[in-house]
Amino acid sequence: MKMTKTKDKEEKKALLYTRVSSAAQDEDGDGRGSQEHRCREYAAAQGYIVERVFTDVKSAGGDFMKRRGMVALLDYLREHKETDYIVIFDDLKRFARDTEFHIRLRSRLAKYGAKPECLNFRFEDTPEGKFVETVIAAQGELERVQNQRQTVQKMKARVERGYHAFIVPIGYKFIKSEDRGKIVVRHEPFATIIQDAMERFACGQLASQAEVKRHFESIPEFPRDGKGEVRAQQVHDIFTHPIYAGMVQAPFWGVSLRKGQHEGLVSYETFLKIQERLKGNGYAPARKDLDSDFPLRGAVCCGSCGAPLTASWSKGRHGDRYPYYLCFKRGCASYGKSIRREALEGEFRAILEELEPSEELIRVAYARFEDLWNHRLATGDAGRKSLQAEIDQIEKNVDELIDRILETKTPAVAQRMEERVQKLEGEKLLKREQLEKCGRPVRTFDSTFRTTRRFLANPCSLWDSGRLEYRRAVLRLAFPNRLYYTRNEGLRTPEIAFPFRVLQGNFSRKEVMAESEGFEPSRNFWSLHP
């Protein structure tokens, strides 16, 4: 039997609702706590018993059905229809800052037998009271839309000035500046980790996004999802976000790509190389264990048919497992015939040992590299003038296209010209970056070529490290093409990369690197004898 509802004010139950517009307001202040305190004082003065408090930390643009706290409040009212609750707000703006949703929320509360009360407004069910309530709700909606418009205008203006105005991705953080507001700075150690991965992917040391993903997962400090993994989408987002190249943009507001006021982790030129690599179809190994156990998998081809060798573990009679490389192309004379891993990788390492030049050759070549480095620094003015001329020509072309866009009456033609303008602006950004760096190296010669010298002097050291990414780097840097293996002959003599041929004196003069225009040294740079 349903109990008779009590109308005495002393026995009425109340539900409190508080809300702040964002989590930042909740963290920086005590907005919700102050609202709850005022509502409890009001309830006590009216003799209401506070049963529960519901709260939200987002505005949801006036739509109360997008607020978890409000949805929970309505669900609670629906489940307790036998009780006529008083729903208390400290301000009418907490109710619904949208005229349509205000009316809908009032109707929903009435449906569940709940009565709203507000500390600074009196709800009345008279024509005049409803009119005033609607006007105040409309005023709240106007203020919300105006605030939203002002926020967008301020954010757009900051982006136009080169400031990042959105949530910062991993590798960056916001700090407060006295004269520039919140600015973006590097967040270590993530910035250095991402910078290293982007540079290595751009130059091919990391062959695919799958390798980058595994590289991130090998670093304990790098953040992971709930499953302890780095998502492939996160890698793609990092590689395609222009903030890492020191750029900002807001295409949804009509703000094109431009130089940002923050430090990029990589150059814009490197960022463009990454985009070109992402458009390709890099090989992404399917199985992590096979890549680690068989580093030559995919890099060595069958000498009989030319197909890349695959690899697998085979079980012996007593349950022991043995590693083998083998050809899996049907019709090949070597199809399914195993090659012991120790034999193949042993021959490969012997080839690496033959690549090691003498310390004297390394010393002389290093000195020649330093001569060229210093000469380029000394003759940087000619390069800067050339780049500035190219920038001036691009700006002239952009101005001409804009004039043509204003004159054309065909939308399709105007769109094509706008796309051309955007492409030219991108080229101008690249040229400006090259102009800033022309003759001004970011690092010293020793820091730039230290790793290169170590690799050229002893490629076996990287291979013997056992790290998959280092071994893949050795394969890509030492051998421009795949290697071939036949069962009778073993590994054929491979084509080695140009730097090693130079150090061994096994190259033709046609292969000498082309010298830049205006560069006339007194002796050939690639001569290995002083």
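Is Ser314 buried, partly exposed or exposed? Ser314 counts as partly exposed, because its relative accessibility is 26%. (Buried means under 20% relative accessible area, exposed over 50%, and partly exposed in between, using a 1.4 Å probe and protein chains only.)

## Before we dig in

This is a predicted model, so local features need pLDDT of at least 70 and side-chain atom pairs count only at pLDDT 80 or more, while totals for chains, interfaces and linings use all residues. Residues are numbered from 1 along each chain as its sequence is written, and side-chain values use heavy atoms, with hydrogens and water left out.

## Around Ser314

Ser314 lies in strand β10, residues 310-315. Helices (H or I, at least four residues) and strands (E, at least two) are DSSP runs, numbered from the N terminus. Leaving out residues up to four places away in sequence, Ser314 touches Asp320, Arg321, Tyr322 and Tyr324. Contact here means heavy atoms within 4.5 Å. Another residue to look for is Ser338: it is 24 residues from Ser314 along the chain, and their C-alpha atoms are separated by 9.7 Å.

## A three-strand sheet

Now find the open sheet of 3 strands, which has the order β9-β13-β14 and mixed pairing. β9 (300-302) and β14 (490-491) stand at the edges with a single partner strand each, so one side of each has no neighbour in the sheet. In general, strands of a sheet pair through backbone hydrogen bonds, either parallel or antiparallel.

β9 and β13 (residues 483-486) run parallel and are joined by 3 bridges. Two strands count as paired if DSSP finds at least two bridges between them. To spot this pairing in the model, look for Cys302, which stands opposite Tyr485 in β13.

## The nonpolar cores

A nonpolar core is a set of buried Ala, Val, Leu, Ile, Met, Phe, Trp, Tyr and Cys residues joined through side-chain atoms within 4.5 Å. The largest one has 30 residues, and Leu309, Leu344, Phe348 and Phe479 have the most contacts inside it. The elements giving two or more residues to this core are β9, α11 (341-355), α16 (459-464), α17 (468-478) and β13. α11 gives the largest share, 5 residues.

Apart from its neighbours within four places in sequence, Leu344 is in contact with Leu296, Val300, Leu309, Tyr325, Ile339, Tyr485 and Leu491. There's also a second, separate core of 29 residues, which includes Ala197, Phe201, Met247 and Phe271.

How many disulfides does the structure hold? The count is 0, where a disulfide is a pair of cysteine sulfur atoms within 2.5 Å. For Cys39, the nearest cysteine sulfur is that of Cys118, 8.2 Å away. Cys39 counts as buried, because its relative accessibility is 0%.

Cys301 is in no disulfide either, and its nearest cysteine sulfur, that of Cys305, is 8.4 Å away. Cys301 is buried, with a relative accessible area of 1%.

## Two more stops

Val421 sits in helix α14, residues 411-437, and is buried, with a relative accessible area of 12%. Setting aside residues up to four places away in sequence, Val421 touches Val398, Leu401 and Ile405. Val421 and Ile405 are 16 residues apart in sequence and 10.0 Å apart in space, C-alpha to C-alpha.

Finally, check out Pro189, in the loop between β6 (181-186) and α6 (190-203). The peptide bond from Glu188 to Pro189 is cis, with omega near 5°. Most peptide bonds are trans.
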